[in-house]
Amino acid sequence: MKNIVIIGNGVAGITAARHIRKKSDHKITIISGETKYFFSRTALMYVFMGHMKFEHTQPYENWFWKKNRIDLVQSYVNNVDINTKTLKLDNGETLSYDDLIIATGSKPNKFGWPGQDLKAVTGMYSKQDLDTITEYAKDCKRAVIVGGGLIGIEMAEMLASKNIPVTFLVREASFWNGVLPAQESEMINRHIKEHHIDLRLETNLVEILGDEHGRVKAITTDKGETIECNLVGLTAGVSPNVNFLKDSGIELDRGVLVNRQLETNIPNIYAIGDCAQQHQAIGERRPIEAVWYTGRMMGETVARTICGTPSTYQPGHWFNSAKFLDIEYQTYGWIWAKPRENEARFYWEHKDGKKSIHINYDKNTKEFIGINNFGIRMRHNVFDKWLTEKRTIEHVLEHLKDANFDPEFYAQHESEIIQKFNIENGTSLVTKKKSWKRIFQKA
Amino acid sequence: MKTIKNIGYIITFLGFAFFIGSIFTGTYKVTPDTYHSWIESKGIKSEIFIENTKNEIVNKEMSAWDLSNIILKNAKISNKYLKEQQEIEWNKIIHIKWSKTSKEYIYPLVRKSATGWFINNTFLWFFLTFGLAIIGGLLVFIPDYKLLGPAGIKNNGLFQHSATNRGIIGLLTAFFFVSFYIFLYFFPNLIVNPILAVNGISKALNGNSASQWFLYGFMYCSVMTVFAVRMFIKYRHNKYQMIRTGVVLFFQVAFAFLIPEILVAFNKPWFDFKNAWPLNYTFFFDWNLNTLINSGNLGVFMLVWGIVLTAVIVPVMVYFYGKRWYCSWVCGCGGLAETLGDPYRQLSDKSLFSWKIERWLIHGVLVFATIMTALTLYVYFAEIPSWKELFWGISVYDVQTWYGFFIGSIFSGVIGTGFYPILGNRVWCRFGCPLAAYLGLVQRFKSRFRITTNGGQCISCGNCSTYCEQGIDVRSYAQKGQNIVRSSCVGCGVCSAVCPRGVLKLENGDDTGSSRTEVNDVLLGNDIDLLSMTKKND
């Protein structure tokens, strides 16, 4: 029986713990300073908006941990001693381990803006951040969000739901256009404005100004404008939370460097989730993937390795999803902001301007490379199969009904979509009826 | 818009204030004719009771409360006197029970003796109660079209508002609901004025004066209609919700209200064609069977239909579409839960413990209903009077009474609906309804229905579990990539609606066994080959 210690109780660490428990009788200890119990970070916004209570974000009831003999320690780790295999906690205690899993996640980026440590200036990442926002939102006349990514728009939605006027500073010329192609990015720009959020494109934060109590009172932008505000959200991305490992001897770059087995340079020490960085990026994926499901997958993988079945982290075909205010977004495979040399695109947008699909395919072979779908839900297993089978865009469009995952009775747009493709490409494709048989067929 | 909404609140409250306030006012005058036919129809034989009450009530104007109290008081005096006699004349004793005496003895007299303003101004009275409440309710909800912003999931502030998070407004609402059910079921003699508000409508529909059940039916339909408008606005981006709400409202208004009332107008039995046994637990009671058998071809058709509905239509439809076709598309209880109850759906308990209680309770009620019905049919065909002792001093009538009281009234009404603002909107459907238990068994073991989980897209946010009115921990399945196949799921579709990542879809798929519950490991990052390797090494 090994003594396994996991630093971090996010989805990666918790998944690892659960699967180690399923497969073994090892002693498991999870350390987190943020909260005692696992909660879903992705749901913090809903707690603020009053859709949920904090306890609803906890996927397991509180008795779960004791019943599964998973010890929880609420503390931060100050440093790791790889020679004596011990951890120093900020409450003064030390803890020894046989195997150590580092799953410390991310922290919001701060780029050295003057005033970034003032009161009511915060990221939107941790439970503590949520508490800060809740506190300062009470008497907030205007909020400014800095950084046009997924967390930025969530924070804008949160504050707008409380009827707080929000100014949203985005460095790029269009929302999230480093990731989204121009059409989708423009659609989201429109939707942000529809929600009366004051979207300022190509605008950067210069300085955050404080009042006599040390709380933010205004910000200035590179357009020379001063915007009065009582709350500033810094949402310009996240980076691995690994500072405490600096002098530990564990090899770091931006994150903790790991191989495909998620092992660090030190035996018996693993890193998973947002804080792990692959030596070699897997396929087109980034070396650091701060995505919910990759944390979960890495947790399962490392659990198998630790329990005697050395396993490789195999995230499979890229997929992701998000929700921009009222518009849902899913993506399967790859579709970059700008097409690569060998790539062609097909874009369809519904006349209401809130639904679209954008398909990326190979110009020459017609092989399907990826899709963005906005306002229409698509079936993961069907797209995953098409990617594995290297299907053509024609095959994808003809069988698009198989992939539709919208609730029953929703308007179906497959014929309209295929018609547009036919007109643009001089083809005469016809949509096939949905087939359960095909949907369940394995690749 | 905000102003219109606030005006709406004020108008609604006025309507309710008139409705509730009328309980404490109004006069009743028992005419000699009414009095005598009442004594006769109730078979009252105690001379002392008749003499006293005649003196105290006939041709006198008084409130419903006083009238009721005088009758009760004299019944007690009479009983006491009779029991003091050497030889007790049992046939003159008036059996007093709080849950029965008021509604069975007192109510008919009070109902007939209403006089004055309320009975003479039927339409104005209707306007001041239902009229104001309905108009006000619509004014409250329609501005949401603008106030809530662009169409989408807008559950903002539900857990921060007193009305929807078990705060003081929620508790007061629950108190109002519970009180209403207690008056309706046990003390209708005290709500005659509210009943008079719908007297005109009842007379127009089938020529009869309104009873407490007509009031309930009309109120049920009105409440559902107003809250259906709220649903249409809230879920205007979601066709499944729009159509489902429209259909369940139609079934309530047409099948549970208009058709039965019109049947009565043609001297046919009051019959709700969609109400299936064992939810409709009186279906096999002797009085109902006799009524149907004695109502000609239509009655026989109703009898056969009722049996076919339970035995064939219900399970076959559950096989193809899941129990949702009944519970959230057709059923009246479900209809109320999905309209009036929608603001409270998040209050259902999601713990494993409550799931345990749920399984014991709901299947217990199913067993209870089945045994009661079996006994009922046994004595019916064996031609044993239902009041006759069968065993341990218990008659079938006793069993029926207990079921009617504990399950039919207390559980389904007082707790099931009364506790919406505390326990969530499906308390009855989740913990008590025997029909739901029956449908659930079919759904769990033999059905094409499932909620499909979309591969690996779940982010464990918990919106689905939070908004599941049946207290299913949807997330616990979704985050593992498992489809949700649960007996209690009524297929309301809200988990799918609130999911921010497009993970859940209610569908009727192939019933090829494994496809319903199979997990696709590749999507979850677990290569199949690797898994089989793990198994070998273990």
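View 1. The C-alpha centres of domain 1 and domain 2 of chain B are 59 Å apart. This is a predicted model, so treat each view here as a look at a prediction. According to the domain assignment, domain 1 of chain B covers 27–114, while domain 2 of chain B covers 449–524.

**View 2. An open sheet of three strands in chain A.** Here the strands line up in the order 13-14-15, with antiparallel pairing. At the edges sit strand 13 (205–210) and strand 15 (226–228) of chain A, and each of them pairs on one side only. Leaving direction aside, neighbouring strands in this sheet are turned by 25° against each other on average.

**View 3. Zooming in on strands 13 and 14 of chain A.** Strand 13 runs antiparallel to strand 14 (residues 216–221), and five bridges join the two. As a general point, strands of a sheet pair through backbone hydrogen bonds.

**View 4. Strand 6 of chain B, tucked inside.** Why is strand 6 (residues 449–453) of chain B largely enclosed by the rest of the structure? Because five of its five residues are buried. B:F449, B:I451 and B:T453 point one way from the strand, B:R450 and B:T452 point the other way, and all are buried.

**View 5. The partner of strand 6 in chain B.** Strand 6 of chain B pairs with strand 7 (residues 504–508) of chain B over five bridges, in the antiparallel sense. Across from B:F449 you'll find B:N508, in strand 7 of chain B.

Key. Residues numbered from 1 in each chain as written. Chains lettered and ligands numbered in written order. Predicted model: local features only at pLDDT ≥ 70, side-chain atom pairs only at ≥ 80, totals over all residues. Domains from an automatic or database assignment. Pairing = 2+ DSSP bridges. Helix = DSSP H or I, 4+ residues; strand = E, 2+ residues; numbered from the N terminus. Axes fitted to C-alpha atoms, helices over the stretch in contact; angles between N-to-C directions. Buried ≥ 20, exposed ≤ 12 C-beta atoms within 10 Å, placed from the backbone.
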